[in-house]
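Trainee: I have a model open and would like to learn how to read it. Please take me through it feature by feature.

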Amino acid sequence: MISALRLDRLTAMAKSQLRRPRVDLPLLIALLLVGSIGLVTLYSAGDKDASIVFNQGARFLMGGIALVVMSRIPPSSLRNWTPWFYAVGVVLLVLVELVGEGRGSNRWLDLKFVRFQPSELLKLATPMMVAWYLHARRLPPDWRDLLVVAVIIGIPAGLIAEQPDLGTSLLVAASGAFALFLSGLSWWRIGGLLGVAAAAAPVAWHFLHEYQRNRVRMFMDPESDPLGNGWHIIQSEIAVGAGGVFGKGWHQGSQSRLEFLPEHTTDFVFSVFSEEFGLIGVLLLIALYVFIIGRSLWIAANAKDTYSRLLAGSIGMSFFVYVMVNGGMITGLLPVVGVPLPLVSYGGTSAVSLLTGFGVLMSIHAHRNFAR
Amino acid sequence: MSPRRSELKDSGREVALFQRRALVGFLIIVVCLGVLAARFVHLQVVRHDEFVTRADQNRIKLRPIPPARGLIFDRNGVLLADNTAAFRLEATPEQIKNVDAMLERLREVVPLTDEDIKRYKEQRKGRRGFNSIPLRFRLSEDEVAKFAVNRWRFPGVEVVPYLTRTYPRGAEFGHVVGYVARIDEADLRDLDVTRYAGTTHIGKTGIERYYEKLLHGEPGYERVEINADGRALRVLDSTPPKPGKNLYLSIDARLQEATEAIFEGKPGSAVAIDPRNGEVLAMVSVPSFDPNLFVNGISHVDYRALVTSPLRPLLHRALVGTYKPGSTMKPFMGVAGLEQGLRRLDDTVLSVGEFHIPGQSRGYRDWRRGGHGRVDLVESLAQSVNTYFYSLALDMGIDRMSSYLAKFGFGARSGIDLAGEGSGILPSKEWKRAMYNKPWFPGETVIAGIGQGYWVVTPVQLANATAILAARGRHYPIHLLRATQSGFSAPVEPMPVAPSGPSFIVNMTNWDRVRDGMVAVVAGPTGTAARAFADAPYVAAGKTGTAQRFSRTGNEVDTHGLDAAQRHQALFIAFAPVDEPKLALALVMEYGASGSLDAAPLGRKILDAWLAPPPSAVPVPGAAVLRMPPNAVPAQAAEPAR
């Protein structure tokens, strides 16, 4: 009796879920596919070390939980919490600057029970804050709004670049900039911003760390130092090129197996994938990424309010930055910047924070404007 | 800027604007990823053949060759730290599938401690898989032979010859030279991984640590051809490593040896400096420890013994030991009093056995019951009359006293080239306020005048101050490194001697008078060290000191029932010959009844060893120089450095 009653309630819940699902199934399936590809590649790149796959699987599980939790929080609540969330993130960044630890750079904060990188928080908090601010403004934004948004982005991006973590700083800045772009900032203002950025580049060069400058120099001419800093780029290109159209096959990539590839489970996992699965695999993976980005923008376009729209769009477009910077790096198209290949590279914090972001997307999707 | 038309937001327009932007954004993204895809096509299709060839030819790897660590010599070329050939066991992570099973089997052949295994596993994390990682150092011949027979069972594990650090003089230089030990996690945190690729040991204490950069050298690389499994086939070419620099210390091993022997194992410390250039000639801390124990990981038993010993052999007393200076402070006070115009050269004081601050009942005693009578500065130094310095301190006040004594380096690190130096305490009103948040009392000024109370000095500091006094107020920064040498065929390059500033003593007759007092200490009829220095073949200037180990007013330690040696520390400072000082010395005996009886005789022996060595006791200079080709003997070191 009781069990039947329970079953009744369960089916009722399931029906309501089906009528108005909390998650966007196509997006979820695409994410699962990329994650699976990641685990398969990691097993090979990690030299058939099962513990790497288990660890990464556990992080996906954690990310999945975060995704479900976030999808349950309505965007209006998120919007109300945004300034606090952002403020806490910035305070933690300052804290990490003072007491953080990490080899050669201050990225980690040790909270005794867990060690984490506050910069990961800002990947979400920054676009949230920009969206929160623009939500209350009349769009398209004017110069004054532009200035305020520049400050909102500049504080965390500057603090993270100071750590020094150029890759994350770039991602944080981009996520905020995308929200601004999507809010309809006029093209000539965008042009003006790009002009200022171009003019500031030589100044930025002055502030880069020596190892970062070397990476840029090597990108310009990797052959100039084939045994030193250019080594990563050359070995990665060889791995990719040797993969050919069909690839060498799973766990057949000599570049990775003989350890010519550096960081072959983290930043350079895409090279391993390209070597073993070839152009066909690469195009499939890129297609999956394009689908995820497109779906995210579609969800954004159907969102209920300005805040949700800007946030969802920014999350989707930021995902592109990961793919482009990492793919560009391993093919020698862009300088070496430590950005992981999303959901494939080994490493917990980025997987969890990415999936949390997609949880926000799911929530925005669930609370979309049906009336429209 | 257009004026706001309405606060209501035009929602429909905004949505349309967003959707246009999202579309444009998506198109840009597709184009960018299209470029990325095109790049993949370019690499994987157009240039595919080229990269296949390059991947096949990719059979060359770089293997780091660690540099030989620089050797350490004394000023005459006596070897203090050597590299000797030994064998170690190494394992290459990428060639070992099941680490735990392999280690279990390996333990049956070659004994491995749990610590060896733990350390190996820690190091596996940090480095690339194809770099081999040491598993155990200093294999015995038996172990090497036993492993050679079983080698086929352990692919990826090899016996590798290497150079290990040894310290031929053992405990004698344990504190000064220090030791190297295996690189641990804490070292890895701020280590240049490329420079230390292949390096297993790093300087942990003493000179080994302070001059790690000079001693380490630059690693070389060899290009190695590997087969399809990653195993090295042959070496193609190599860039040789640049060995670390050889260091020549200013220490004279003979004086060091003599000085250490004088202590007969009783805890204490002595530092001898050449006041003409700041070179440290001997730096002894007793008891010491054998640095060789640490090189390949000290055993728990040995380490416990060192740490739990009540005599604390690991404590570098000369550098961080804290002592009350006692009466050794009086010459410096004497200079301060004359130079500040508080006392004229011939001013006298009447010592009646007890000194009182006007209006206070508490008495401050002289060491001789009934007092010393009417005495001037010279006699006050010779007999160590407290009353002279009680009244001088009271007139001077604590702040003027400490600011003048700071010129002798008290209360600050001497800057000697060793890490972790203590800075001692030079009390002042401000210091006490910051430390205890209490006001300064005049009585504290009085006892500060004889080096009691809050005063704390380290032996290095006291020796440094004595050297400055010996050099008539000129300060040569004290140092241990005398010269460096890049390889044995290279010339020895002396370190530039930092020039001193001008003397801070304005009127040199003041200095002369203090010197006369110090000479009276060792040569005058009433001198406290006169008996110790009877028949000395040179004229020295010195001062004894006896400091209470425990504050007499404090009740934390019951001093009743302890004999004098347990209650006191004996100190002695000296420089000689008095006309042209070649040696300045500070000496502390931790359990000494008085400076006069216990410290001064030892000081005499150290001065004798340097200034008037008995002919038979002098080892032939250069006899111990085994590692130096004759043409490499440094010019400065070839002649006995006196």
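**Reading the contact, the confidence and the folds**

Mentor: Start where the chains meet: 45 residues of chain A and 39 residues of chain B make up the contact. Two residues are in contact if their C-beta atoms, placed from the backbone, lie within 7 Å. This is a predicted model, in which local features need pLDDT of at least 70, side-chain atom pairs count only at pLDDT 80 or more, and totals for chains, interfaces and linings use all residues. Residues are numbered from 1 along each chain as its sequence is written, while chains are lettered from A and ligands numbered from 1 in the order in which they are written.

Trainee: Which element gives the largest share of the side of chain A that touches chain B?

Mentor: Elements first: helices (H or I, at least four residues) and strands (E, at least two) are DSSP runs, numbered from the N terminus. The elements giving two or more residues to that side are α7 (166-182), α10 (231-243), α11 (254-257), α12 (269-301) and α13 (306-330) of chain A. The largest share, 12 residues, comes from α12(A).

Trainee: How many residues on that side of chain A are nonpolar, polar and charged?

Mentor: Classes go by residue type: Ala, Val, Leu, Ile, Met, Phe, Trp, Tyr, Cys and Pro count as nonpolar, Asp, Glu, Lys and Arg as charged, and the others, Gly among them, as polar. Here the side of chain A that touches chain B has 25 nonpolar, 14 polar and 6 charged residues.

Trainee: What scores does the model carry?

Mentor: The model has ipTM 0.89 and pTM 0.64. Then go residue by residue: pLDDT is the predictor's confidence in each residue, from 0 to 100. Chain B has a mean pLDDT of 84, with 89% of its residues at 70 or more. Residues 551-557 of chain B fall below 50, and this stretch has 1 contact beyond near neighbours in sequence. Residues 617-642 of chain B also stay under 50, with 36 contacts beyond four places in sequence.

Trainee: In what order do the strands of the open sheet in chain B run?

Mentor: Two strands pair if DSSP finds at least two bridges between them. In chain B, 3 strands form an open, antiparallel sheet in the order β1-β9-β10. Its edge strands, each pairing on one side only, are β1 (60-65) and β10 (232-239) of chain B. β1(B) and β9(B) (residues 220-226) share 6 bridges, and B:Lys61 stands opposite B:Val224 in β9(B).

Trainee: Why is helix α9 of chain B largely enclosed?

Mentor: Count neighbours. A residue is buried if 20 or more other C-beta atoms lie within 10 Å of its own, exposed if 12 or fewer, and partly exposed in between; C-beta atoms are placed from the backbone. In α9(B) (residues 253-263), 8 of the 11 residues are buried, so the rest of the structure largely encloses this helix. Among them are B:Arg254, B:Glu260 and B:Phe263. They pack against β13 (268-274), β14 (279-286) and α22 (595-611) of chain B. Just after α9(B), B:Glu264 takes a positive phi of about 50 degrees.

Trainee: Is strand β21 of chain B mostly covered or uncovered?

Mentor: Mostly covered: 7 of the 8 residues of β21(B) (541-548) are buried. β21(B) pairs with β22(B) (568-576) in the antiparallel sense over 8 bridges.
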